[in-house]
Amino acid sequence: MKVAVIKEAAPGERRVALVPEAVAKLRAAGLEVLVESGAGDRAWFADGAYAEVGASIVSGGEAAEADVILMVGRPDEQATSRLRPGQAVFGMLAPLADPALATRLAATGVTAISLDLIPRTLPRAQAMDALSSQANIAGYKAAVLAAATFGRFFPLLITAAGTARPARVLVLGTGVAGLQAIGTARRLGAVVTAYDVRPETKTEVESLGASFLELAAVGPAAGDGGYARALTEDERQAQQDELAAHIARHDVVITTAQVPGRRPPVLVTADALKSMAAGSVVVDMGASELGGNVEGSRPGETVITENGITVLGAGSLPSTMPAAASAMYARNISALLLHMVQDGALAIDLSDELQAGVVVTMDGQVVHAALADTAKAGPAQAGPAQAGPAQAGPAQAGPAQAGPAQADSAGGTARVDGTAD
């Protein structure tokens, strides 16, 4: 069976689906690995490194003919047009955010497998959990980016020139990304507070040396699959109102809240931004084309408010660390692929809970339970506009980093009034 790695086409995406180390493991399992020339260049993996471990370096056209196509994100129109019945496509396809993609892939006859749908509560799925691996990177980079952007020191410094107090950092959401952001900010010397609608995460927060913020206005909101349940409209408003007072007392705010396939909840309102001191920094890890956790944030852009608050729309942070992110993702996608291979061929078994959780299309049909009804309803109801209003709390830390990057997080700078900075 031929397995091919193709170049990522999404703007700003620098990751690659396989690194040379992973190629060696797939070849040891009897798979032939093809790598499109230049696929790893942006992650600093040269063609020669793949060739040394037995991969064949091929053109894009030849890679597209393989039995299995491995990607980080989703196929664009050109890549989709090349697909043929019987092929399989692995990637973080984000079909919940764009159900129409599942319909298009089903029409090609391919088997589409989406790593962002991994059942995260299954212990045997941990090695395949790309959302968590990429969220770890995003949380780390969010804290580093905040420290680099903040115009003062993160740690307490006592010098002959005076004393600098430590930065006060608030992390909203204590999933994988949030916990990594907490740990990194603490190691950089900041005083960290964290909030989550799931009170059971308090122990994890405190184990990292941070304080846990408890809001009186919102009760426990733990949900299924490691995410928080959706809050009611009244709960959301109460949460925003109480959070605003705490946000004003912090120098840096990092938000991590995401809802699979839906608009991220707004946690930092325009009024909350106005209450912050000039020079404060907000890193919105939930920023995407569907919206963000911070009112006025823009994916891939830096926005400076009229009162001097820097808002970073940082929804694609893993792509800013392409070598590390690719290495971790390669382990995830390789583990899933090998789990689905028997006797050198792909063997789909939808009675397997893990496989049923990730297989989106097969035999010309949308087969994933969360998408099948939408597909039957027709294309008019399948677009991302169906994502409802943000209602979930900040526990959803799986990432917006799961989809293809839209732009480098260090992109252009603009003010809220739209003028260039």
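Helices (H or I, at least four residues) and strands (E, at least two) are DSSP runs, numbered from the N terminus. The structure is a predicted model, in which local features need pLDDT of at least 70 and side-chain atom pairs count only at pLDDT 80 or more, while totals for chains, interfaces and linings use all residues. Residues are numbered from 1 along each chain as its sequence is written, and side-chain values use heavy atoms, with hydrogens and water left out.

The protein chain contains 13 helices and 20 strands. Of its 421 residues, 55% are buried, where buried means under 20% relative accessible area, exposed means over 50%, and partly exposed lies in between (1.4 Å probe, protein chains only). Contact here means heavy atoms within 4.5 Å. Among contacts between residues at least 6 apart in sequence, 68% join residues at least 24 apart.

Helix H4, which spans residues 77–82, includes Ser-81. Ser-81 has a relative accessibility of 59% and therefore counts as exposed. A polar atom of the Ser-81 side chain lies 2.6 Å from the backbone oxygen of Gln-78.

Lys-141 belongs to helix H6, residues 130–149. With a relative accessible area of 19%, Lys-141 is buried. Its side chain is joined to that of Thr-320 by a polar contact of 2.9 Å. A polar contact is a pair of N or O atoms within 3.5 Å; within protein, one must be able to donate a hydrogen and the other to accept it, and residues adjacent in sequence count only if both atoms are side-chain atoms. Apart from neighbours within four places in sequence, Lys-141 is in contact with Leu-317, Thr-320 and Met-321.

Two packed helices are described by the angle between their axes and the distance between the axes. Helix H1 (residues 20–28) packs with helix H11 (residues 322–339) at an angle of about 15°, the axes being 9 Å apart. H1 is therefore roughly parallel to H11, a term for angles under 35 degrees. Axes are lines fitted to C-alpha atoms, for helices over the stretch in contact, and angles run from 0 to 180 degrees between N-to-C directions. On the H1 side the contact is made by Glu-21, Ala-22 and Leu-26, and on the H11 side by Ala-330, Arg-331, Ser-334, Leu-337 and Leu-338.

Notes:
Parallel < 35°, antiparallel > 145°, perpendicular 65-115°, else oblique.
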